[in-house]
Amino acid sequence: MIVARYITGKYAVLRRIVRVVLLVSYLIVPWINWGDRPMVLLDIASRKFYFPGAVFWPQEFYFLWFVVATLGLALFLFTSLFGRMWCGWACPQTVYTEMFDAFGRIVSPRFGKASQKMWEKIAVHSVWVLASAVLTFHFIGYFVGVRAMSAEILTSGPAIFTDQAWPYFWLATTGLFYFDLGIFRHNFCVYICPYARFQSVMLDRDSNVIAYDSHRGEPRRRSKKLTPEEEASFGDCTGCTKCVQVCPTGIDIREGLQVACINCAHCVDACTDEMSRFGKETLVGFNSLNYFEERKKSRLLRPRTVAYAALLLAVIGAFTAALVNRTPFQLSVVRDRNLPPLLVENQAQNYYNVDVMNMRERPVELYLSVETAEAGETRVTQLNQIVGENPLRLKANEHRPVRVIVQGVPGAESGERTSAAAGRRSVPVRFVLKESADEAAADSVTKESMFTIPE
Ligand code: SF4
Ligand code: SF4
């Protein structure tokens, strides 16, 4: 288990602030209610995703594609511009592991040192198990609801293990988090994380990465006692190895850009500290390989960054359009195959099974109507739907099946029919669901079906 030497500095402070904001958000969000339900709830059992002011239903799964595509392209763009910022600054693996390190240092003054006593090790690992339980409780809370889980624990006690499945998942994920963050730690970044593997595809020599300035640093000094003549023949690197000692993945940044580097900037702070003793600039910093190796200015606008930015903008645009045009209710229409169309008092009568869904978080009145789908249709006139209730009064998030009977007066079989489908006995019709009886109502959804005129 690698425990890096503690370092502080400009980037350590900045990253600590980011880490605290992310951790506090992660722990607080599941406790915030929106109306009478959690503000964010990924309810897999009922296949509904709840966000502030919006509920996404299973048939809207394509929104997930937009979310994944947006995040993926943003990652591509920011990696090509700024290297692995995600890894060092926002990845839960890094954020949680560094939180575990902070707990370790609080509990044990000799944390990570060979002199650490056994009781200190036991205390540190006990705190880590507890921290894992808290983290995973909130993680599961995003899917089940932390308030509901807490209420079940308080009312049922140990009996929750017989009533519910989530406590077993909680135990299993606690073990997994403890092993990953307390034992396996940054080995995950080095050996398992797929992003570490394909990041090299997104980086080029203009990407802003953390690297070592070999121009200034080399050749490194091996000894502290140098004559003035020897001084002149060496670079600025004092060979202090502080940059290696503070590296959580145990690499030497002076050997060049490596897959194991997570961009945590510990080595930047370490070298800034070391170089400040001599009044010099750090040898390890953020810049491009073009600058470090050839002193060329790095370019922000490059074919790959332009392509990633254009794709990202296109996906965000399509995502926004889909959200803006999202209808807050849904309609599906299926003809009843068990009841054939009838002629009742000279009117054709057809039967439909209609599903109406209110996706708003408030009750609504929805108006259902039916009309012929083609202009100039004369095979049927005066279409009327007969439903028990119109408007339909639906509760928030209610899904209601409705039986609909449609009657129409058969028109003349010849004469002024303009439909290309003239002569057929089935007429295309359109069901319209509106939130207002007003014709110009903005929100409406339509579904096409067929209306049959029996012989
Ligand atoms: S080389 Fe530097 S930036 Fe990379 S992981 Fe090690 S300490 Fe962090
Ligand atoms: S911290 Fe700076 S001076 Fe020390 S070994 Fe690393 S690069 Fe050289």
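Biologist: Which domains does the chain have, and how do you know where their bounds lie?
Modeller: In this predicted model, the assignment gives domain 1 (10–202), domain 2 (209–292) and domain 3 (329–452). The bounds come from an automatic or database domain assignment.

Biologist: How far apart are the C-alpha centres of domain 1 and domain 3, and how many residues does each give to their contact?
Modeller: The centres lie 49 Å apart. Domain 1 and domain 3 each put 4 residues into the contact. On the side of domain 1 that touches domain 3, 2 residues are nonpolar, 2 are polar and none is charged.

Biologist: What makes the largest nonpolar core a core, and which residues have the most contacts inside it?
Modeller: A core needs buried residues of the listed nonpolar kinds, joined through C-beta atoms within 7 Å. This one has 28 residues, and I210, C243, I253, C267, C271 and V284 have the most contacts inside it. The helix α14 (266–276) and the strand β6 (209–212) each supply at least two residues, with α14 giving the most, 5 residues.

Biologist: What makes C271 a contact partner of K242?
Modeller: Contact requires C-beta atoms within 7 Å, and K242 meets that for C271, as do C243, T282, L283 and V284.

Biologist: Which residues come nearest to ligand 1?
Modeller: Of the 14 residues around ligand 1, they are C247, I253, C261, C264 and C267.

Biologist: How does that shell divide by class?
Modeller: The shell has 11 nonpolar and 3 polar residues, and no charged ones. Cys and Ile count as nonpolar.

Definitions and conventions:
Residues numbered from 1 in each chain as written. Chains lettered and ligands numbered in written order. Predicted model: local features only at pLDDT ≥ 70, side-chain atom pairs only at ≥ 80, totals over all residues. Near = placed C-beta within 6 Å. Buried ≥ 20, exposed ≤ 12 C-beta atoms within 10 Å, placed from the backbone. Helix = DSSP H or I, 4+ residues; strand = E, 2+ residues; numbered from the N terminus. Contact = placed C-beta atoms within 7 Å. Lists of a residue's contacts leave out its neighbours within four places in sequence.
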